[in-house]
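Trainee: Could you walk me through this one? I'd like to ask things as we go.

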Amino acid sequence: MKFKTIAWTVGAVALMTVTACCTAPKACCCLKDLPANADPALISKRVTDQFLRTRPESYCPPGYKGNGYCDKGYGGGRHVQYSVVSIWVNALETARQRGDKKTEDALIRLYDDFLPGGSKNSCCSRPYHVDDTIFGSIPYQIFLYTADPKYLAEGARYADTQWTPPCEGTVKERHAAPFDVQNAFWQKGYTPQTRLWIDDMYMIIAIQSQAYRATGDRKYIDRTAKEMCLYLDELQLKEGKAKGLFYHAPDVHYVWGRGDGWMAGGMTMVLKYLPEDSEYRPRIMQGYKLMMEALLKYQRPDGMWSQLVDMPDEPRNWAESSCTAMFAYAFITGVKKGWLCPKKYGPAARKAWIALCDQLDENANVPTVCCGTGKKDDLQYYFDRIRVHGDPHGQAPMLWCANALLEK
């Protein structure tokens with residue numbers, strides 16, 4: 001696919017003036033005193049227990065239904081899918097936040113099977129595809145808690161390979177761009193895994209920010225921030241009613257919820273770790289605030305967001321859980337970090353989180369999650385997507401939100 005480059009000058013767009021209203025304390029009052037069933041410690045434990053009732057390479061917990069993967073599980077016993085990786089990493093984070101050493105240890109021991117010589121080592125993802133490289137986030141998270149160098153080496157294999165020249169491995173991967181396209185990105189300082197797909201900017205940032213956290217080496221966070229600026233310049237809508245959001249693809253002009261959720265989560269994550277003096281921070285913050293402003297006007301009365309975000313009043317549309325959790329995470333973090341006005345965004349974040357918690361079943365499965373979705377220039381296609389119960393795409397961002405609420 002070819003993308004038209006859109007020049008952007010940050011100085012031409014004034015950033016929001018920080019006023020007294022928009023200086024958020026560490027904990028916005030709107031995010032305190034939550035109902036008992038929306039306590040983030042309780043929710044994170046329930047969602048983590050759901051994850052531990054299955055296997056990461058063949059995810060199929062009790063009550064999981066709707067996606068056709070129940071015979072062999074999500075991953076088919078062959079690999080750990082990227083959203084399952086996100087569950088695992090965030091389960092570790094929330095266990096640490098809760099002081100739940102027993103659960104933390106169980107999650108760490110689970111990775112022993114994937115170490116060299118382990119029974120599931122063949123299920124470790126290859127480091128040549130953007131959706132697979134995120135696997136390295138798990139050993140990095142474990143290293144942050146154990147300081148064991150074997151986990152650091154495991155993570156580095158993924159983070160460092162992502163920023164090496166294109167090779168036979170990258171060219172042969174699924175949906176791979178030709179060698180000359182990959183090399184052109186590489187020559188400009190971007191990863192050869194660049195595809196300009198909106199979900200990339202969660203996958204890339206997840207592994208590279210972990211590398212920065214584990215090593216303190218700024219090259220990791222700087223290069224992923226530069227990558228984010230590329231995606232914002234190329235893909236974020238600069239005009240129209242959905243200004244600030246993202247089409248599913250340049251040739252498919254629909255604002256698909258989860259696709260936009262990956263961008264919201266990615267921007268939030270990179271801003272969380274990016275040093276204040278980074279040259280890329282103003283551009284990313286501008287893109288983040290533009291997106292948050294757009295999302296605020298499309299939130300449904302029930303607190304959710306829609307499968308197609310900018311059509312909440314369309315009768316065929318429906319409240320979709322994974323994007324709601326992703327957007328709620330971006331709001332919660334923005335309020336707590338002082339990037340967003342708490343009076344404006346705090347109530348919306350609270351409403352979304354409570355709506356999500358209210359619909360969990362007895363096994364902590366999130367319902368009404370859109371199944372994996374390729375692009376298609378057909379409106380009805382998005383309305384007809386299968387709605388999955390307990391899909392990891394919905395379970396993971398529930399833990400993002402819980403982690404953001406628990407974080408001191």
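## Pockets, rings and cavities

Mentor: Let's begin with the largest pocket: 50 residues line it, and R195, W197, D199, H248 and T373 lie nearest its centre. On a 1 Å grid over the protein atoms alone, a pocket is an open set of points with protein on both sides within 12 Å along at least five of seven lines, while a cavity is a set where a 1.4 Å probe fits but cannot get out; lining residues have an atom within 4 Å of a point. This is a predicted model, where local features need pLDDT of at least 70 and side-chain atom pairs count only at pLDDT 80 or more, though totals for chains, interfaces and linings use all residues. Residues are numbered from 1 along each chain as its sequence is written, and side-chain values use heavy atoms, with hydrogens and water left out.

Trainee: Which helix gives the largest share of the lining of the largest pocket?

Mentor: Helices here are DSSP runs (H or I, at least four residues), numbered from the N terminus. α4 (130-133), α10 (218-235) and α11 (257-273) each supply at least two lining residues. The largest share is three residues, and the helix they come from is α11.

Trainee: How much space lies in the largest pocket?

Mentor: A volume is the space filled by probe spheres set on the grid points, which are joined across faces, edges and corners. For the largest pocket, that comes to about 1,200 Å³.

Trainee: What charge sits over the ring of W197?

Mentor: The rule is that NZ of Lys or CZ of Arg must be within 6 Å of the ring centre and within 35 degrees of the ring normal. Over W197, at 3.9 Å from the ring centre, sits the charged end of R195.

Trainee: How many of the residues of α2 are buried?

Mentor: Buried means under 20% relative accessible area, with exposed over 50% and partly exposed in between (1.4 Å probe, protein chains only). Helix α2 covers residues 82-98, and it is largely enclosed by the rest of the structure. That's because the buried count, out of 17, is 14.

Trainee: How far apart are the end C-alpha atoms of α2?

Mentor: The expected span is 1.5 Å times one less than the number of residues. With 17 residues, α2 should span 24 Å. The model agrees, because its end C-alpha atoms are apart by 24 Å.

Trainee: Is the aromatic pair of W262 and W400 stacked or tilted?

Mentor: Rings of Phe, Tyr and Trp (its six-membered ring) pair if their centres lie within 6.5 Å; planes under 30 degrees apart count as stacked, over 60 as edge-to-face and the rest as tilted. There are 21 such pairs, including Y111 and F114, which are stacked at 6.0 Å and 25 degrees. W262 and W400 sit 6.1 Å centre to centre with 50 degrees between the planes, so the pair is tilted.

Trainee: Where in the chain are W262 and W400?

Mentor: Both are buried, W262 at 4% relative accessible area and W400 at 2%. They link distant parts of the chain, 138 residues apart: W262 is in helix α11 and W400 in helix α16 (residues 392-406).

Trainee: Which elements give two or more residues to the lining of the largest cavity?

Mentor: This cavity holds about 210 Å³ of space. Its lining has 18 residues, and V89, N90, E93, Y202 and M269 are the closest to its centre. The elements giving two or more are α2, α9 (200-215), α11 and α16.
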